[in-house]
Amino acid sequence: MATILVVGEQAHGQLKKATLNALTAAQQLAQKNGGQIHGVVVGGAGEELAQFVQNVHFVQNAQFEHALAETHAAAVAEAAKKIGATDVVIAATAYGKDIAPRVAAKLGAGIASDVLAVVSANQFKRAMWAGNAIATVEVTTPVKVITVRTTEFPVAQKAGSPGQAQQLEVAAPQAKTKFLEFNEVKSARPELTEASVVVSGGRGTKGDFKPIEQLADVLGAAVGASRAVVDAGWQPNDLQVGQTGKVVAPKLYIAAGISGAIQHLAGMKGSKTIVAINKDPEAPIFQVADYGLVADLFKALPELSEEVKKLK
Amino acid sequence: MKILVTVKRVEDYESKIKVKPDNTWIVTEGVNYRANPFDEIAVEEALRLRDANMPSEVVAVSIGSGTAQAEIRSALAMGADRGILVKHDGFLDSDAVARILVKVVEKEKPDLILMGKQAVDVDDNVCGQLLAEYLGYGQATFASKKESLESAEEKAKKPGLKLGADKKTMQVVREVDGGVETLELQLPAVVTVDLRLNIPRYASLPNIMKAKKKPIEEIAPGVDVSPKVKVVKVEAPPARAAGVKVPDVATLVQKLHDEAKVV
Ligand SMILES: Cc1cc2nc3c(=O)[nH]c(=O)nc-3n(C[C@H](O)[C@H](O)[C@H](O)COP(=O)(O)OP(=O)(O)OC[C@H]3O[C@@H](n4cnc5c(N)ncnc54)[C@H](O)[C@@H]3O)c2cc1C
């Protein structure tokens, strides 16, 4: 029988929501292979994960304080070996992408990354060529590791009765990496990948994000950006939407002053409703937009903010 | 310092990518090829590190069929010192690539391995991490820098990765969720680069000429390359139905409210 290990991600001892998307993928996999689900989380939040998963293993000691790939992958691989895991499932966040391949190497497992759908017990769908193609890949090894695209799997619900969280004793390997500092980008707005509305700006803003931010605040939205904006240093890296940035799928995505390059579309095509505001009627973004407005964003966005306020 | 940098031959991101009618792969006829853009950033960083820490050497490695010579040549034209082509025809999964690179590392013994964070064909983002684990090295994925690509540091072509005074460590700034992290790696180590690390240089004509004389060694994979992950089907993505243009903001809001029901 299959044993599936879902890997939790935490920050400051709190479970990240992405874990619950990964858990849904694990549950889908369990339906295909008749497996049982365990959880592991390194650094804390064991009790919290046990609200959702029956058997939780947590690793908590000072050596694992920082999320170093070497140590965290070692802890996850230890947990996987201990329970005889056949599958390891992690959200494809920066953390998941960093550690999952090392876990796979330790377990001799094949890895399918950024999975969009579970096709069968060993086949998964994933995007290639900036989303220009969707591949079905087959992992041929007895143990499999998958990282999952969070926007493709809904958040899992709490279990009927809470499970058990047990501490797993793991000795951290001597890391060849030292954590020096973390500069957090603080924002009062919702997190980009979790928001139900996203307002994104491109090079057309010329670096002036005030109209974008104003509209975002009226809508309770997260702010996103194109690569051009982030490369110019107008907005932090963390806000880049696209093939090589964040993938988002909100209820409403508003793109202003963004041309719609394939690499940008790869990160937002899955949104339910897409609005494009661009002064060039030929901009490719209009090909994916449900509603397109050919206009100057500096005029249209303030008007839009006013109109939406009136509705509220 | 000796730096090994990887360059993968990939479909040009400006080419139109179409799925083959038999769903086995994409159509490759009529498609342009070039070096993976992330690998170009890795080559640029390798060159900056070399020039700031002489004597040093930059070795560019590619794994693929004979045509991948072209991508090694373009790394040499940018300024890399010599090339290695690991010759293999046909599909390799990232795990096989990582295990081949282990062999190259054992032979070359570089102080640093620089790679793109992902290749823009299969968009895997796992190879560097696999390599680091197989070698038992530390890693820094998503390497970036604090200064913007329009900063004076970038214009002066300063390396974003900082070699320690003892030349045994390296400080790397990484783009992670929620902010920017700085790690110190013990060398040798694997670093995979992100978009904001640098702007790669163009090769000048004299350097393109010079590159023709630089050596490229051809070797065999030297490992079992049977894939752990096979591609069984390739399909076109679901198309989005075309939308409508609205004449003004008032109509837009009315549609978002009444039709899409999202505001
Ligand atoms: C390897 C690789 C990876 C990449 N990854 C990503 C990624 O993850 N995400 C991403 O976004 N890009 C990515 N890109 C870059 C991508 O190809 C485009 O270059 C980028 O998305 C362009 O950003 P933009 O639309 O803001 O700028 P532009 O293409 O310059 O478009 C600006 C738009 O603003 C409009 N405009 C100008 N002024 C106004 C105004 N006053 N009002 C209204 N509209 C106005 C213009 O008509 C134009 O359409 C990647 C590229 C490569 C090579």
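**Salt bridges and a domain interface**

Mentor: Over all chains, the rule counts 42 salt bridges. A salt bridge is a side-chain nitrogen of Lys or Arg within 4 Å of a carboxyl oxygen of Asp or Glu. This is a predicted model, in which local features need pLDDT of at least 70 and side-chain atom pairs count only at pLDDT 80 or more, whereas totals for chains, interfaces and linings use all residues. Residues are numbered from 1 along each chain as its sequence is written, chains are lettered from A and ligands numbered from 1 in the order in which they are written, and side-chain values use heavy atoms, without hydrogens and water.

Trainee: Where do A:Arg227 and A:Asp231 lie?

Mentor: Both belong to helix α6 (residues 227–231) of chain A, 4 residues apart, about one turn of the helix. Helices (H or I, at least four residues) and strands (E, at least two) are DSSP runs, numbered from the N terminus. The side chains of A:Arg227 and A:Asp231 form a salt bridge of 2.8 Å, N to O.

Trainee: Is A:Asp231 buried or exposed?

Mentor: Buried means under 20% relative accessible area, exposed over 50%, and partly exposed in between (1.4 Å probe, protein chains only). A:Asp231 is buried at 14%, while A:Arg227 is partly exposed at 38%.

Trainee: Which chains does the pair B:Glu184 and A:Lys178 join?

Mentor: B:Glu184 lies in strand β10 (residues 179–186) of chain B and A:Lys178 in strand β12 (residues 177–184) of chain A, so the pair joins two chains.

Trainee: How many salt bridges cross the interface of domain 1 and domain 2 of chain A?

Mentor: The rule finds 0 salt bridges there.
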